Amino acid sequence: MFPVVLKSSDKSDRVLFAKENLNVRSEVWLEAIACDELNLCYNENGTPKWSVHFGGRTPVNSITLKTWSCLSKSGCIIEEIKEKFDSAAYEQLLDKHVSKIGCDIQPRFFLQDNFPVHLAPRIDHWFTNNKSFILLRLPKNSPDLMPLCLLHEVLVSELNKQEVVFSVNFSIDLNRCLQSICQSQIESLLLEMPTTLKYIIEHNGELRKL
């Protein structure tokens, strides 16, 4: 789990979020979609060579790939961010990948954090116009509530296990590692939500270590 220091206000927000969503059924969480950005870092002299980092801090002397990920029970998509990542770029990714996962029966939860790009008016407008999704903003400093955080750790472990090096063919190697993560692992990350919410309430907002 990524190192996080929780303030008392963070814990309060986490408990409130958990109480508001505690009664959501497991099958609803299984249909949820989660999106997030991260830095995949490669250090030729590091052990392990691959690591994952959120935010602006990355290891010294490492090659950093800025990426965007989308997780659903159908699988995971990771796309490299090659240009400036603003609300327009985010909207394009939503149109390209997320709009195709719309549910005909009932709206799906869409999980995202409070990264400023996610809070832009044009993104709120996108969700207003796309009725297939219920936007669910996660509380600050809550990697245990973001299924992608755990999946990224699994992915990095797989990259190091397969001794993948950074090269012009990296996207092929990345997708191969993604495919090696079984569907049941992805589904289990989504199905952990009720247990995590209960833990947060019972432990006054503390992080659940998975």
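Helix 6 (170-180) supplies the largest share of the lining of the second largest pocket, 6 residues. Helices here are DSSP runs of H or I with at least four residues, strands are runs of E with at least two, and both are numbered from the N terminus. Before I go on: this is a predicted model, where local features need pLDDT of at least 70, side-chain atom pairs count only at pLDDT 80 or more, and totals for chains, interfaces and linings use all residues. Residues are numbered from 1 along each chain as its sequence is written, and side-chain values use heavy atoms, with hydrogens and water left out.

Back to the pocket. On a 1 Å grid over the protein atoms alone, a pocket is an open set of points with protein on both sides within 12 Å along at least five of seven lines, a cavity is a set where a 1.4 Å probe fits but cannot get out, and lining residues have an atom within 4 Å of a point. The second largest pocket has 18 lining residues, and Ile78, Glu79, Ser171, Leu174 and Asn175 lie nearest its centre. Besides helix 6, strand 3 (63-72) and strand 4 (75-80) each give two or more residues to this lining. The volume is about 360 Å³, taken as the space filled by probe spheres set on the points, with grid points joined across faces, edges and corners. By class, the lining has 10 nonpolar, 5 polar and 3 charged residues. Nonpolar here is Ala, Val, Leu, Ile, Met, Phe, Trp, Tyr, Cys and Pro; charged is Asp, Glu, Lys and Arg; the others, Gly among them, are polar.

Ile181 is in the loop between helix 6 and helix 7. Is Ile181 buried or exposed? Ile181 is buried, at 6% relative accessibility; the cut-offs are under 20% relative accessible area for buried, over 50% for exposed, and partly exposed in between, with a 1.4 Å probe and protein chains only. Setting aside neighbours within four places in sequence, Ile181 is in contact with Leu151, Val154, Leu155 and Ile186, contact being heavy atoms within 4.5 Å.

Now the cavity. The count comes to 1 cavity of 30 Å³ or more, and the volume of the largest cavity is about 30 Å³. Its lining is Asp144, Pro147, Leu150, Leu189, Glu192, Met193, Thr196 and Leu210. Helix 5 (147-161) and helix 8 (193-202) each supply at least two of the lining residues.

Helix 8 has Met193, Pro194, Thr196, Leu197 and Ile200 as its buried residues. They lie on the same side of helix 8, because they cover an arc of only 165° around the axis; the arc is that of the directions from the helix axis to the C-beta atoms. They pack against helix 1 (8-21), helix 2 (26-30) and helix 7 (183-191). After helix 8 comes Asn204, with a positive phi near 55°.

Helix 4 (residues 121-129) has Ile123, Trp126 and Phe127 buried. Their arc is only 90°, so they sit on the same side of helix 4. Their cover includes helix 3 (87-98), strand 5 (108-112) and strand 6 (133-137).

Last, the cysteines. How many disulfides does the structure hold? The number is 0, a disulfide being a pair of cysteine sulfur atoms within 2.5 Å. The sulfur of Cys70 is 3.6 Å from the closest cysteine sulfur, in Cys35, and that is too far for a bond. Cys149 is in no disulfide either, with the nearest cysteine sulfur, that of Cys76, 12 Å away. Cys70 is buried at 2% relative accessibility, and Cys149 is buried with a relative accessible area of 5%.
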